[in-house]
Amino acid sequence: MAHITEHQRIEKDEHLNGDQAIAKVRKLLPSFSAALFVTGVHSGRELHSRPLAMQGDPAVFGGTLWFFADDRSPKVYELAVDTAVSLFFQNDGANHYLQLDGTASLSKDKSKMRELYSPTLKTWFPEGLDDPHLVLIRFDATRGAFWESPGGVLQFAAAFATSVVTGKPGKSGTTGTLSFS
């Protein structure tokens with residue numbers, strides 16, 4: 001490990017692997033209702049992002065997340081060219097932020113669709129599970145990063161005061177990297 005001098009900033013507090021990384025994501029996921037789903041990550045083409053609602057119970061996260069999509073949508077075509085995807089999650093109220101990198105694949109598994117389906121999906125798929133264009137996107141995480149500041153404004157104020165008094169960067173939360181392999 002490289003020696004850190006007094007004047008260097010350490011950006012990440014924790015480096016979590018395997019089960020520890022999964023546990024951290026399980027803790028954070030319930031605070032998010034959707035992810036910003038980014039395609040074009042490795043293709044060298046333009047990045048495209050769009051919000052997608054996560055499906056299923058985040059408490060059982062084991063490295064895989066699911067999303068419903070229309071098989072005619074641009075994201076599906078983009079995944080045919082480049083399966084690398086990044087997901088970004090943000091909850092300003094809870095001061096939780098999460099970024100996951102991984103690969104995505106398409107599935108027409110009807111039993112998985114039934115397991116994950118909820119009536120609110122009729123908003124986008126009026127025919128429900130009978131919609132011929134309904135497809136699942138399976139996202140398998142490989143790595144990521146997180147930022148959390150559970151104390152909110154009070155913790156930020158304390159970090160600000162410490163920074164002003166000491167002249168050193170303040171710390172208002174925990175950051176870390178995640179590896180799922």
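**Packing and burial**

Analyst: This is a predicted model. Leaving aside neighbours within four places in sequence, L98 is in contact with V25, L28, L29, F32, L87, F88, F89, A145, F146, W147 and L178.

User: How many residues does the largest nonpolar core have, and which have the most contacts inside it?

Analyst: That core has 30 residues, and those with the most contacts inside it are L65, F67, L87, F89, L98 and L100. Helix 1, helix 2 and strands 2, 4, 5, 6 and 7 each supply at least two of its residues. Strand 7 gives the most, with five residues.

User: Which residues does the second, separate core include?

Analyst: The second core consists of eight residues, among them W66, F68, M113 and L121.

User: Turning to helix 1, which of its residues are buried?

Analyst: In helix 1, residues 18-28, the buried positions are A21, I22, K24, V25 and L28. Seen down the axis of helix 1, they fall within an arc of 160°, so they line one face of the helix. The face turned away from that buried side carries the exposed residues D19, Q20 and K27.

User: And what do the buried ones pack against?

Analyst: The buried residues of helix 1 pack against strand 1 (14-17), strand 6 (96-107), strand 7 (134-148) and strand 8 (174-179).

User: Now K75: is it buried or exposed?

Analyst: K75, which lies in helix 2 (residues 74-81), is buried yet has no salt bridge. The nearest side chain of opposite charge, E78, is 8.0 Å away.

User: What does K75 touch, then?

Analyst: Not counting residues up to four places away in sequence, K75 touches R50, L52, A69 and I137.

Methods:
Residues numbered from 1 in each chain as written. Predicted model: local features only at pLDDT ≥ 70, side-chain atom pairs only at ≥ 80, totals over all residues. Heavy atoms only, no water. Helix = DSSP H or I, 4+ residues; strand = E, 2+ residues; numbered from the N terminus. Buried < 20%, exposed > 50% of the residue type's maximum accessible area, 1.4 Å probe, protein only. Lys, Arg positive; Asp, Glu negative; His and termini not counted. Salt bridge = Lys/Arg side-chain N within 4 Å of Asp/Glu carboxyl O. Contact = heavy atoms within 4.5 Å. Arc of directions from axis to C-beta. Core = buried A, V, L, I, M, F, W, Y, C linked by side-chain atoms within 4.5 Å.
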